[in-house]
Amino acid sequence: MVSKWKWLFSLLTRRLWFRASVISLLAIFAALVSLLISPFIPTGLADTLGANSVDRILEIIASSMLAVTTFSLSTMVAAYSAATSNVTPRATKLLIEDKTTQNVLAAFVGSFLYSLVAIITLSMGAYGERGRVVLFFMTLAVVMLIVITLLRWIDYLLRLGRVGETTDVVEEATTKAMRARRSTPYLGGRRLEPGRDVVDDSAHPVYSDRIGYIQHVDTAAISRAAKAVGGRVYLASLPGTFIDPGRPIAWCSGFDTATDFDAILDAVTIADERSFDQDPRFGLCVLAEIASRALSPGINDPGTAIDVIGRAVRVLAIWAGEDDEIEPLFPEVWVPDLDIAELFDDIFVPIARDGAGVVEVQVRLQKALAALARTGDQRFVENARRQSEQALERAALAMDFPNDIGRARAAAAMVGA
């Protein structure tokens, strides 16, 4: 389990300015390190290697990197705008946090600052003849880095913002969140029985003054607070839940003071938007949005919806099977399980609704539900049949051609087989 502060730090490292700042500082250090190494360089080597030409090379890097960085930023903005219009605005956040894009821009900005600092230091006469030799080799290394980065960036730009590429990113984030929850299904705590908010009748509810979505729950911090007072905590709201002042976040037993309750609130992060990290349902909702937009009359792209259905099967299959007996890391905390019915509703209801009149989508949806029913998990079987029946009812109301309805019914028969 990731603590709150480690999670907040991970959010910080995903910001573009953070990575660019780190690379820029390293670039500045690289430009100045020549001053430290220069005393160990033999004299007369600068003329032999042609190191005196480093001034011209640095000027080329400084002028070109500024233009390349500006062009790359404008291209990124256009790609994000296209993803917002053609995919879903919720996926744009993942594109902004993409490591490849951030590394490329950081390399460009760092190269620009490296050349700028080196030019200033050369103008001051601080390097000397031997310092130029070190600077020459370091500049050659920077040029190689720029060439490799540019080649990688050209290939990546061809895919940036595309529907398929963006859907890949969303599926990857959803799969990561689903696998993390599968490994610790109760966030490290004990299982809270479905339909029960508390186990202890003496427990008191904990409310937050904030209105928003739970992004992260630090179960370890909650456990420490419970151990300190010898109490128990029953988590009532999972990450992704919309919280208001009238909805309890948790129920606490053995907590007597406001300070004790504040420790629980401090362990729960509430923000205006949902996050992919601890909320696999959010990833499924975003995948459903991609499919729904593809099925809209303005776009009319059933192929993308069919592609999303296949991705949904891969993501949901992670949760299939009996839960392994895992010793709870925090036995003082009770956490509810993910609701399988809600997972199925998040992804399949929007697709069945918006693709009710498209026979290709309906047939593929029924085949996907049949695949999930074959996992052997009884919970999957029940929900796959429920979704199949609802999708078939929608199709019967939306389709006029009897042959199309017959194909959908034939595919639905495989779900109950």
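Is leucine 187 buried or exposed? At 3% relative accessibility, leucine 187 counts as buried, because the cut-off for that label is under 20%. Bear in mind that this is a predicted model. Here are my notes, point by point.

1. **Leucine 187, the backbone.** Leucine 187 sits in the loop between helix 9 and strand 1 (190-192). Its phi is positive, about 55°, although leucine 187 is not a glycine. For context, most residues other than glycine have a negative phi.

2. **Asparagine 300, another positive phi.** Asparagine 300 also has a phi of about 55° without being a glycine. You'll find asparagine 300 in the loop between helix 12 and helix 13. Here the accessibility comes out at 57%, so asparagine 300 counts as exposed, the threshold being over 50%.

3. **The largest pocket.** Its volume is about 940 Å³, and 31 residues line it. Arg14, Glu97, Ala173, Lys176 and Asp277 are the ones nearest the centre of this pocket. The elements that supply two or more lining residues are helix 1 (4-13), helix 6 (89-96), helix 7 (99-123) and helix 9 (163-183). Helix 9 contributes the most, with 9 residues. Sorted by class, the lining comes to 12 nonpolar, 7 polar and 12 charged residues.

4. **Leucine 105 in helix 7.** Helix 7 turned up in the pocket lining, and leucine 105 belongs to that helix. With a relative accessibility of 3%, leucine 105 counts as buried. Setting aside residues up to four places away in sequence, leucine 105 touches Leu16, Thr69, Ser72, Leu73 and Met76.

5. Serine 72 is in helix 5 (residues 54-86). Its relative accessible area is 0%, so serine 72 is buried. The side chain of serine 72 makes a polar contact of 3.0 Å with the side chain of tryptophan 153. Beyond its neighbours up to four places away in sequence, serine 72 touches Leu105, Phe108 and Trp153.

6. **Serine 223, another buried serine with a polar partner.** This one is in helix 10 (residues 219-229). Serine 223 has a relative accessible area of 3% and is buried. Its side chain is joined to that of glutamate 332 by a polar contact of 2.7 Å. Leaving out neighbours within four places in sequence, the contacts of serine 223 are Phe330, Glu332 and Val333.

7. Glutamate 171 is in helix 9 and arginine 311 in helix 13 (residues 302-317), so the pair links distant parts of the chain, 140 residues apart. Both glutamate 171 and arginine 311 are buried. The two also belong to a network of salt bridges that links Asp168, Glu171, Asp307, Arg311 and Arg314.

8. **Glutamate 342 with arginine 281.** The closest N and O atoms of this salt bridge are 2.7 Å apart. Because glutamate 342 lies in helix 14 (residues 340-354) and arginine 281 in helix 12 (residues 280-294), the pair ties together parts that are 61 residues apart in sequence. Glutamate 342 is partly exposed at 33% relative accessibility, and arginine 281 is partly exposed at 23%.

9. **Aspartate 155 with arginine 159.** How far apart are the closest N and O atoms in the salt bridge between aspartate 155 and arginine 159? They are 3.2 Å apart. Aspartate 155 has a relative accessible area of 43%, which means partly exposed. Arginine 159, at 32%, is partly exposed as well.

How values were computed: Residues numbered from 1 in each chain as written. Predicted model: local features only at pLDDT ≥ 70, side-chain atom pairs only at ≥ 80, totals over all residues. Heavy atoms only, no water. 1 Å grid on protein atoms, 1.4 Å probe; cavity = no way out; pocket = protein on both sides within 12 Å on 5 of 7 lines; lining within 4 Å. Points joined across faces, edges and corners; volume = space filled by probe spheres on them. Helix = DSSP H or I, 4+ residues; strand = E, 2+ residues; numbered from the N terminus. Nonpolar A, V, L, I, M, F, W, Y, C, P; charged D, E, K, R; others polar. Buried < 20%, exposed > 50% of the residue type's maximum accessible area, 1.4 Å probe, protein only. Contact = heavy atoms within 4.5 Å. Salt bridge = Lys/Arg side-chain N within 4 Å of Asp/Glu carboxyl O. Polar contact = N/O pair within 3.5 Å; in protein donor to acceptor, adjacent residues only side chain to side chain.
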